[in-house]
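Student: I've got a model open and I'd like to learn how to read it. Could we go through it feature by feature?

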Amino acid sequence: MSVHDELTSVQRCLDDLLRSMGRLEQQIGGGLDMRRVRADADHLRESVALLRESAPGLTKPRRPDLVSIPDTPYDSSLWTDSDDEGLGARDRHAP
């Protein structure tokens, strides 16, 4: 698995853990021990987010620079030796 896949898997596991903790907290209440466990899980989530930001190869792809295309017509001399797609050269007949 790639680093990205592994981090995504860890993130899913943490999400499952937090959901399970929420259900458990409803059943046993939110005492001091439960608050500690929730704080530890939140720290894990923050650590994984920091790891995702600093992991090699996970930088966001850079958008290519935009190239402006002018609205003025192209110089017709650019097309003197070109073939029309599917029709062949201008001085010959199509099959």
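Student: Let's start where a helix stops. Which residue follows helix 1, and is its phi positive or negative?

Tutor: Helix 1 is followed by Gly-29, and its phi is positive, near 95°. Keep in mind that we're looking at a predicted model.

Student: Okay, stepping back, how many helices and strands does the chain have?

Tutor: Two helices and zero strands. Helix 1 takes in residues 3-28, and helix 2 covers 32-54.

Student: Now burial. Which residues of helix 1 are buried?

Tutor: The cut-off is a relative accessible area under 20%. In helix 1, the buried ones are Leu-7, Leu-14, Leu-18 and Met-21. Part of what covers them is helix 2. Across the chain, 9% of the 95 residues count as buried.

Student: What about Ser-20, then: buried, exposed or partly exposed?

Tutor: Ser-20, also in helix 1, counts as partly exposed because its relative accessibility is 33%. Its side chain makes a polar contact of 3.2 Å with the side chain of Arg-23.

Student: Moving on to charges, how many salt bridges are there?

Tutor: Here you look for a side-chain nitrogen of Lys or Arg within 4 Å of a carboxyl oxygen of Asp or Glu. By that rule there are three salt bridges.

Student: Which parts of the chain does the pair Asp-15 and Arg-45 tie together?

Tutor: The side chains of Asp-15 and Arg-45 meet with N to O at 2.7 Å. Asp-15 sits in helix 1 and Arg-45 in helix 2, so this pair links parts 30 residues apart in sequence. Asp-15 is partly exposed at 24% relative accessibility, and Arg-45 is partly exposed at 35%.

Student: And which residue does Glu-25 pair with?

Tutor: Glu-25 forms a salt bridge with Arg-38, and their closest N and O atoms are 2.8 Å apart. Glu-25 belongs to helix 1 and Arg-38 to helix 2, so here the parts tied together are 13 residues apart in sequence. Glu-25 is partly exposed, at 25% relative accessibility, and Arg-38 is partly exposed, with a relative accessible area of 25%.

Student: How many residues apart in helix 1 are Arg-19 and Asp-16?

Tutor: They're three residues apart in helix 1, which means a separation of about one helical turn. Arg-19 is partly exposed at 48%, and Asp-16 is partly exposed at 39%.

Student: Last topic, the surface. Which residues form a nonpolar patch there?

Tutor: For a patch, you look for nonpolar side chains with over 30% relative accessible area that lie within 5 Å of each other. Here Ile-69, Tyr-74, Leu-78 and Trp-79 form one, with about 510 Å² of accessible area together. Take Leu-78, in the segment after helix 2: it counts as exposed because its relative accessible area is 55%.

Student: And how much of the chain's accessible surface belongs to carbon and sulfur atoms?

Tutor: That share is 56%, out of about 8,600 Å² for the chain.

Methods
Residues numbered from 1 in each chain as written. Predicted model: local features only at pLDDT ≥ 70, side-chain atom pairs only at ≥ 80, totals over all residues. Heavy atoms only, no water. Helix = DSSP H or I, 4+ residues; strand = E, 2+ residues; numbered from the N terminus. Buried < 20%, exposed > 50% of the residue type's maximum accessible area, 1.4 Å probe, protein only. Areas by Shrake-Rupley, 256 points an atom, 1.4 Å probe, with all protein chains shown as cover. Polar contact = N/O pair within 3.5 Å; in protein donor to acceptor, adjacent residues only side chain to side chain. Patch = residues over 30% accessible without salt bridge, like charges linked within 9 Å, V, L, I, M, F, W, Y side chains within 5 Å. Contact = heavy atoms within 4.5 Å.
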